[in-house]
Amino acid sequence: MWAMGNLLYQLGSYILLLGKVFSKPEKKRIYYRQFLQELNNIGISSLGIVLIISLFMGSVVTLQTAYNTESPFLPKYLIGLGCRDSMILEFSSTMIALFMAGKAGSNIASELGTMRITEQIDALEIMGINSASFLILPKIVASLFFFPLLTIISIITGIFGGWLSVVVTGVIPVPDFNYGLQYAFNPFFVTYTLIKSTIFAFIISSISSYYGYTVEGGALEVGRASTKAVVYSSINVLLFNVILTQLLLS
Amino acid sequence: MIRVEHLTKVFDDKVVLEDITCTFEKGKTNLIIGQSGSGKTVLLKSIVGLIEPTEGDVYYGDVNFTRLSFTEKKDIRKKIGMLFQGAALFDSATVEENVMFPLHMFTDMSDEEKRERANFCLKRVNVVNANHLYPAEISGGMKKRVALARAIVLNPDYLFCDEPNSGLDPQTSILIDQLIKEITEEFQTVTIVNTHDMNSVMGIGEKILFIHEGRKVWEGNNKEILSSDNEILNKFVFANQMAMELKKARGNK
């Protein structure tokens with residue numbers, strides 16, 4: 001009963017905060033500058049690690065599929081198809097979202113939490129600035145803009161990783177892999193993954209901002225807020241992954 | 001002038017402020033003093049609107065600030081400058097950018113004009129050659145001075161200082177006090193300073209409000225404070241050795 005009450009309280013506070021976030025910006029030029037800064041903080045700084053993860057995941061998916069489907073009844077090109085579809089449908093949106101919940105989510109929560117406990121947010125409020133909108137809106141917009149882009153980059157890099165592993169190990173002939181990559185391609189899968197990544201971007205940036213912005217106390221609470229941001233963002237990403245898959249692919 | 005009328009603040013079941021009524025005058029340094037946990041900061045934050053009072057009103061001039069909506073409060077907030085206990089400078093911005101921030105948000109000045117105004121304010125608080133440093137690269141005293149420069153950059157009508165001397169050495173504390181007093185006279189602001197530093201009380205306390213356990217116990221100035229016969233106030237004031245010696249010296253005269 002208490003847990004239910006707490007959940008409803010948190011949900012209510014989260015919705016109220018979003019109301020403040022999506023109010024009219026004071027000075028658009030300043031918000032634009034903040035947006036560019038957040039693009040760098042949230043997106044561009046994650047590019048390197050996303051490339052590395054995607055490259056290796058693409059390779060591993062390809063090799064595992066190849067070694068586990070050594071049946072004469074299964075055509076070799078299915079390995080290329082498996083690599084392509086697993087990257088598009090699941091890995092590049094969901095796995096990258098979970099990774100971003102850890103990296104960008106904890107970063108957002110700890111940044112806002114530190115601003116809260118060092119009275120920087122109070123300083124903005126005193127000046128008559130809507131601190132929620134000024135600090136959180138650029139983070140959400142930057143995430144909505146960059147997450148789908150990261151997903152596309154991850155898909156391309158992952159497939160390249162798969163192809164590279166085939167070339168290096170020779171586990172299947174390269175033409176078979178290439179044929180599989182092109183076989184029965186459904187363009188809606190890309191739309192599906194981009195919808196997912198956009199919604200995950202909103203979930204991660206808004207939930208992490210909520211936990212950071214509402215911190216009360218000191219450094220210990222900032223750490224706790226950061227952990228909560230990652231945990232609740234990840235749970236919601238997984239939950240919405242199921243819901244969106246059912247809604248979009250059924 | 002700022003007028004506080006019957007202000008009460010209750011957190012859960014705990015009464016932190018009880019029926020505070022007082023006025024803070026223009027061109028004077030008004031001090032709120034009291035022990036740690038007496039409710040000073042809650043009173044200051046209630047006056048500036050960071051905390052919603054449970055009961056009572058705060059008037060800025062004739063305007064009842066407490067009853068205004070968030071948007072309506074904006075107009076008054078633009079006239080407020082505040083120096084926070086920990087300075088509250090934006091970590092990701094340089095000294096100059098911190099001071100220029102209110103100008104970016106609320107004026108249509110050109111970049112050159114903004115820079116000129118920021119440099120004037122930084123010079124006013126004796127901060128030179130630090131424009132491109134980040135808050136993490138400057139000392140505590142300098143942070144307070146930069147925060148003061150940011151607080152006065154828009155020519156405020158109201159200046160609030162929460163524990164401006166906390167964590168500073170006595171020499172820097174005196175410097176900050178002097179700056180606050182000079183700025184108050186120069187800009188004719190209503191200045192409210194929250195402190196428990198007796199040096200500040202004796203140095204700049206033109207009007208003093210003593211809070212004890214959430215209640216107003218005494219009101220006066222730095223000339224009257226040493227001769228008060230209020231027991232609770234005396235206990236607070238004479239816990240400080242320097243004030244004790246001052247009292248003795250006055251007694252000997």
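Start with the charges: chain A and chain B are linked by three salt bridges. Keep in mind as you look around that this is a predicted model.

Which parts of chain A meet chain B? Helices α2 (28-43) and α5 (120-126) each bring at least two residues to that side. The top contributor is α5(A), with six residues. Sort the residues on this side of chain A by type and you get eight nonpolar, seven charged and five polar.

Now step back to the whole interface. Here 20 residues of chain A are in contact with 28 residues of chain B. Together the two chains bury about 2000 Å², and 63% of that is on carbon and sulfur atoms. On the chain A side, the residues that lose the most area to chain B are Glu119(A), Ile126(A) and Met127(A), which together make up 34% of what that side buries.

In soluble globular proteins, nonpolar side chains tend to be buried together. The largest core in this model has 64 residues, and the members touching the most others are Met100(A), Phe134(A) and Phe101(B). Helix α4 of chain A, residues 77-117, gives this core its largest share, 14 residues. Zoom in on Phe134(A): leaving aside residues up to four places away in sequence, Phe134(A) touches Ile30(A), Tyr31(A), Gln34(A), Leu124(A) and Ile129(A), plus Phe101(B) and Met105(B) from the other chain.

Notes: Residues numbered from 1 in each chain as written. Chains lettered and ligands numbered in written order. Predicted model: local features only at pLDDT ≥ 70, side-chain atom pairs only at ≥ 80, totals over all residues. Heavy atoms only, no water. Contact = heavy atoms within 4.5 Å. Buried area = accessible area lost by both parts, 1.4 Å probe. Salt bridge = Lys/Arg side-chain N within 4 Å of Asp/Glu carboxyl O. Helix = DSSP H or I, 4+ residues; strand = E, 2+ residues; numbered from the N terminus. Nonpolar A, V, L, I, M, F, W, Y, C, P; charged D, E, K, R; others polar. Core = buried A, V, L, I, M, F, W, Y, C linked by side-chain atoms within 4.5 Å. Buried < 20%, exposed > 50% of the residue type's maximum accessible area, 1.4 Å probe, protein only.
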